[in-house]
Amino acid sequence: MPKKLYLETVGCQMNVLDSELVVGTLRRQGFELTTDVQKADVILYNTGSVRQHAEDKIYSALGTLRSHKRRYPEKIIGVLGCMAQKDQERVRRRAPHVDIVCGPGQLAKMPELIAEVERTRRPQMAVSLGRAEASRPEVTGSFESYDPMRDPAMRPTAFQAFVRTQFGCDKFCTYCIVPSVRGPEQSRHPEEIGAEVRQIVNQGCKEITLTGQTVNSYKFPHGDGRTTRLSDLICRIHDTPGLERIKFITNFPRDMTDDLLDAVATLPKVCRYLHVPVQSGCNEVLRRMKRLYSVEFYQDMLNRCRERVPGVAISSDFIVGFCGESEESFQKTCDLVATAGFKNSFIFKYSPRPGTKAEDLFADDVPEEVKKRRNNDLLAIQGKVSFEDHRRKIGETVEVLVEGPSKTALKYDELPQFTGRTVTDHIVVFDGDKRLIGQTVPVHIDDASAFTLFGVVATGVLAYGRNEPQERTLVAARTERLSLPMI
Ligand code: SAM
Ligand code: SF4
């Protein structure tokens, strides 16, 4: 009987991608996935460590498994990812029943680690070197970008996939644990990325999201004077037959170069969406965060993005309650959100991370209730901005890549409701048909909330069968008329 594998992921898109790859590898070795933790022979948790919350969740899940492991000692429990790299032996001190601790730079070793536990019944740990433990080349070498063969069955949808461009980060924002748990910034060879994109697209994928902690600082020096930048990489993969959409996340404001913006503006498959976190609207806070830009620089960058890429949608991240953030500083962030016109913002309460500069240098002096209140206040301001942005879209017809049933449909079993995204990353909910999943269809927007656009599929599309050429022609004809990017 095949061995059963349970894997739970708590973290960012990097963790989601790592999980997909680990599961793909273990499935090729004969494991079968289960969603029932009690039935699994191998139980894995892949955890980010950007905020305390993710770690608390996993330590609590591990706690509930203690008696299960006592009853079934042959079962293998593993902790993977950033939390494993950060806590190392501490994982087993807090949860001695854990068999495997494996950092994100060591994931290729997972099959070996499982086999070793089965053979010896002894705990195994594979982590990369700390930044201060060795020379940069040695530390870099110990963080191996893990990009094995892809398994389409493991993705949330078969037609959308993340592709890694970079591993690690060298920016060292004072609040952030990423540079220590994912190591030095390393860009993957463009040929390797291009080959992976071709493979995934041949498997039926239509939308690729290139990922990197600061994806727009991607740079691959070929050693002969040539350098591949992100704009060059995008050009290179753009003409992959069958590929319809290219996105890239997350951008660092200082690295938003004109060549990249021109690639977004001119290459029709590139989505007109930029995620460029600013983190705060107050220069003093940005300085303490060591973000290396001012609010004025960021605003100029926003203007440049909008001038060079008409109609582009921009989203941001914010940290509220960072060390020393006064009411006055916070007000400046509120003013920025009220005026910058972000499509949406991801807002986080500052979570002190041991091992970061901020934890050493500054007091976490904003009380939890104040962080909560500021979080809610900022959400409310962004909510108004998003609502207005959405209302302006009423009456437009937009191209939607259909992802699947909407959350409401899943909850209440109302299947005709589907959801998808536009090229500007706006979420659209509409009445549809399951044959449209994975297709790009024109949707006429007739209503909006702060989070969602609502609409109806433009007439004609539903009349054709999946993948029939008439449907593509109809979509293309409409696209041309609306002068949206051709797909
Ligand atoms: N590299 C990206 C950048 O610089 O914009 C972001 C990567 S980080 C994994 C995602 C987001 O988590 C950040 O943009 C930041 O808003 C948030 N974050 C990072 N460290 C945090 C901390 N210690 N407490 C709260 N939020 C944090
Ligand atoms: Fe963290 Fe800053 Fe690097 Fe983003 S750029 S991963 S916030 S250190």
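I began at ligand 1, where one of the oxygen atoms is 2.7 Å from an N or O atom in the side chain of Gln-279. The model is predicted, so I noted the ground rules: local features need pLDDT of at least 70, side-chain atom pairs count only at pLDDT 80 or more, and totals for chains, interfaces and linings use all residues. Residues are numbered from 1 along each chain as its sequence is written, chains are lettered from A and ligands numbered from 1 in the order in which they are written, and side-chain values use heavy atoms, with hydrogens and water left out.

**Ligand 1**

I found an oxygen atom of ligand 1 at 3.0 Å from an N or O atom in the side chain of Arg-291. A nitrogen atom of ligand 1 lies 2.6 Å from a polar backbone atom of Gln-213. How much of the accessible area of ligand 1 does the protein cover? I read 93% of the 570 Å² that ligand 1 has on its own (Shrake-Rupley method, 1.4 Å probe).

Strand E15 (313-320) and strand E16 (345-349) are the elements that give two or more residues to the shell; strands are DSSP runs of at least two residues, helices of at least four, numbered from the N terminus. Of the 15 residues around ligand 1 (a heavy atom within 4 Å), I listed Arg-51, Gln-213, Gln-279, Asp-317 and Ser-351 as those that come nearest.

**Gln-166**

Next I looked up Gln-166, which sits in strand E8 (residues 166-167). Is Gln-166 buried or exposed? Gln-166 counts as buried because its relative accessibility is 2%; the cut-offs are under 20% for buried, over 50% for exposed and partly exposed in between, with a 1.4 Å probe and protein chains only.

The side chain of Gln-166 makes a polar contact of 3.4 Å with that of Glu-185. For that term I kept to N or O pairs within 3.5 Å; within protein, one atom must be able to donate a hydrogen and the other to accept it, and residues adjacent in sequence count only if both atoms are side-chain atoms.

**Val-50**

I placed Val-50 in the loop between strand E3 (42-47) and helix H2 (52-64). Val-50 is partly exposed, at 35% relative accessible area. Neighbours within four places in sequence aside, Val-50 is in contact (heavy atoms within 4.5 Å) with Ile-177, Val-178 and Arg-353.

**Salt bridges**

How many salt bridges does a search of the whole structure find? I got 38, counting a side-chain nitrogen of Lys or Arg within 4 Å of a carboxyl oxygen of Asp or Glu. Side chains of opposite charge can pair when their charged atoms come close.

I checked Arg-119 with Glu-116, where the closest N and O atoms are 2.8 Å apart. Both lie in helix H6 (residues 110-120), three residues apart, about one turn of the helix. Arg-119 is exposed at 62%, while Glu-116 is partly exposed at 27%.

Asp-425 and Lys-343 also form a salt bridge, at 3.3 Å between the closest N and O atoms. This pair links distant parts of the chain, 82 residues apart, and both residues are buried. Salt bridges with shared partners join Asp-425 and Lys-343 with Glu-207, Arg-245, Lys-247, Glu-403 and Arg-421 into one network.
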